[in-house]
Amino acid sequence: MPYFPPFLIQNPNLFSGLIIGGQDTEASGLAPEEVEQLVSFPLETAMNGLPGVTRVRSTSGIGLSIIFVEFDWGTDIYRNRQVVSERLDTASAQLPIGIKPILGPVTSIMGEILLIGVSSLNGETTPMELRGIADWVIRPQLLGIAGVAQVIPIGGDIKQYQILPHINHLWFYNVSLEEVLASASGFGKNTAGGYLEGHRHESLLRYIGHTTHLDDLQKTVVHYLQDSSVTLHQVSTIQLGTALKRGDASIDAKPAVILSIQKQPGASTTALTMEVERNLHEIQKRLPQDVKADRILFRQATFIENSIQNVKEALRDGAILVTIILFIFLMNVRTTFISLTAIPISILITAIIFKWFGLSINTMTLGGIAIAIGELVDDAVVDVENIFRRLRENKVTTPQAILHVVRGASLEVRSSIVFATGTVILVFLPLFALSGIEGRFFAPLGIAYVISILASLIVSITLTPVLSSYLLSHNFKAKEHGDGWLVRQLKFLDKKLLQWSLNHGKFLIFVLVCTTITAVSSVPFLNKSFLPSFNEGSVTINLRLEPGMSLKESNRIGTMAEKLILEVPEVKSVGRRSGRAELDEHAEGVYSSEIDVDLGASQRSRDSILNDIRRRLESLSDVRINIGQPISHRLDHLLSGVRAEIAVKVFGENLQTLREQAERIQSTIKNIPGLTDLQIEQQTLIPQLQIHPIRDAALKYGLNINKLGETVETLLSGKVINQILEGSQRYDLVLRLAEEDRNSVEKIGNILIDSPSGKIPLKFVADIKEKTGPNQINRENALRRIVVMANTKDRALGSVAQEVQEKVSNISLPEGYFLRFDGQFESQQAATRLIALLSMVAVAGIFILLYSHFQSTTLTLIIMANVPMALIGSIAAIWLTNQTLSVASLVGFITLAGIATRNGIMKIAHYIHLIKYENESFGVPMIIRGSLERLTPVLMTALVAAFALTPLLVGGHNPGKEILHPVAVVIFGGLISSTLLDTLLTPVIVWLVGEKGINKHLNPALE
């Protein structure tokens, strides 16, 4: 395994082509239906139709609208942000006054690279102090790191300066709410007084009103009554309090603050993670001893590092196996050395080209080299084996000059090497047309594969002959002893088989056709999936209570869940985030929690651990659970907008009807085997307290309805009227009623409202009713939708999803309502259709390339017969290893098509050479001679390419190997079958139908 310089070790940049622009619009005080009508709909309309936009999704929650604008792969992120910003400027005029949409940071859903816990070790540091450290010490320093797009804290208590007015005191002192607001709005501010001009100097005049003392705020005058001042302290409670929380966090079932670190597109995950960790280590030194601020709860770089390390080990082990196989066949140190030089030099050339074009070495690029490593020596092996054989023959006949023999032997196989390598590369090129996530996965693999194969071809036609002329020119014993024992035995066996097969040719071809038909017919019965499951070493659990549950209840249930999870032996730590962080771009209600679980090493499989966690959490009543892994969940979200493998989306207008249809779908599919975590997207009715103004009563008291709404919003929701600076830190000064004055319908009704007629209870001018309303409204491409979502276990995704489709398709929906399937299975079907088309293109490309060389349709088809020969083994390998038919397997099929044709090219080209240059005539002796002379290079190249994949076949569940394992299984099985069948059947087919094609190639003028 060659050394890769540190600057080349990067993370896979899989999702740079997809831009998700989150527009976060705070619409405080508005209900979800109002947010949808006043904010989400006009913004969606503005975004639809933008160049490159593929989907627009929105979530309208309580006082919040979040819109995701998804652009096509390959579009420029900064251009997309520019066009979105331009549309936002235009659409802002249609929004209610005071509501301004904000474009989210330059990142994506895959950009969350770290979760950092900030906690008190001994409980000495209060939640408010922890949040202050997170907000004002840690977050600013992390945001200053190049590559960090956003740092989102959740948990703890946000400090506020609070004014809690006493309604009765306001009435007693005859103080209006406007007076309180006016007196506090300018508190703690410095102002300028201009300049004082002197004889030679000037002085700056400043009014220093800044203060952070509560006593000063309490003494602020709000009213002057009967020769005495009325202060804020007399009409309200002044205190340091905490902001109303819509989210909270804990670590290992103890309250904490969690920081989510998101990276910018193009930033290296591993390098950025190390820089963040270095800064955290420095920050930790300056914090109180009771505070631990460098607790890592989730680290995406760990999965990347483990993946890269595992693939590097597979690459190393593959190179060792290649060395062993070559030596066994060649039984010569010098020829083995010459052949092996192709590996390090090809990899070095690949690394240089990657560095030159700014490409990264990541799991998939290393995987491309790992898959290709056995093929890197193929061209050199064919060249050096032929040179070695010709040098040995040169000792027997009239000796010629060494350089002449080397040159002639190299040129003898040159064209077949070039065309064989060209075929391997040609079939891979259509894979670059893959779009979406699968394209981002396999494009780096394809680039590395193609570049390394091209590099090996260059080595074989330049360096290999030169080394052979130096190292094989001396009269050493190996040339005199001929083939090694293994090769002699193989040739003896092959000769016997050839004599038998040439006498039973038609029967063998019939068996081949029947076997191929059987193998192809079994493909529809294979289990199917989109991408292989990752082994990330961590788990993400979405925990959802019934909408309407309080944050306090969510914390209680979430803590119970954490304790249950911690009982699992493999669990190292648990971090929970409930509700929504203030800066977050996801409209999660307080009833929703996301639990990140870090797992240690275990003898148990990942599925066993997940099932154990699921079993323990089932003891929680009235809780909906969705268990997955961080990256996998985010992939699901990218595909369908929901974090589940299977998504059935129902579109329509009426929310209640949508809910009813979703419940019908849920009851229809709930008993399907293998379906788990089945749930309906939580769009449901929650309690609302609706305050309707009585306009006639307001008219009677001279009260402006708009003014009444502002007063209610200020007293009940709260209003930020100022900010108080504490050094570089700033905190809101908020006015709202104390909780005990607003915690019942009766108390809200008795709130005294200022009117021209004096102070009157709110219930005099408003009806206060308890009703219900939606907790949130989700839309997609300008239509309301609800999702029935599920995951799978103990059964392949494809078969479960297909059964879901069959059952759901029988459900009749009301007029104006329709459904759409989404998620991994839909992506797998789309990718399968595209790869099938690309396969046909690849096969056509192989035919054209081979025909251009051999000028014979017959010879071309004989060579291409290796493709069905390979197909038999690859399909059998999938069945034997219980693999699913995934995008990775399909990529393996296409790759195999190019590799398998190499054997046929080498064999047919040698038959032609024997007739053209060595006075052989077409017949059984020529076919047997040509087959035996090509046996060693064919077996070597095939077995080297196959067994170099062994490290990817073993431990396929390890990080980094999961995506490469199915590719390796397909190629390994296909190479074994194609090599054996090619050795047995290609000579037979040539004997039966190949004479005319060879004659045409030798004499193109013949018809």
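**The hairpin and the cores**

Author: Strand E10 (residues 221-225) pairs with strand E11 (residues 228-231) in the antiparallel sense, over four bridges. Strands (E, at least two residues) and helices (H or I, at least four) are DSSP runs, numbered from the N terminus. Two strands pair if DSSP finds at least two bridges between them. This is a predicted model: local features need pLDDT of at least 70, side-chain atom pairs count only at pLDDT 80 or more, and totals for chains, interfaces and linings use all residues. Residues are numbered from 1 along each chain as its sequence is written, and side-chain values use heavy atoms, with hydrogens and water left out.

Val-221 has Thr-231 of E11 as its bridge partner. Two residues separate E10 and E11 in the hairpin. Gln-226 sits in the turn, with a positive phi of about 50°.

Now the cores. A nonpolar core is a set of buried Ala, Val, Leu, Ile, Met, Phe, Trp, Tyr and Cys residues joined through side-chain atoms within 4.5 Å. Buried means under 20% relative accessible area, exposed over 50%, partly exposed in between (1.4 Å probe, protein chains only). The largest core has 114 residues. Ile-371, Phe-442, Tyr-449 and Ile-908 have the most contacts inside it. Helix H30 (residues 887-917) gives the most to this core, with 16 residues. Apart from it lies another core, of 39 residues, among them Val-180, Val-230, Ala-697 and Leu-708.
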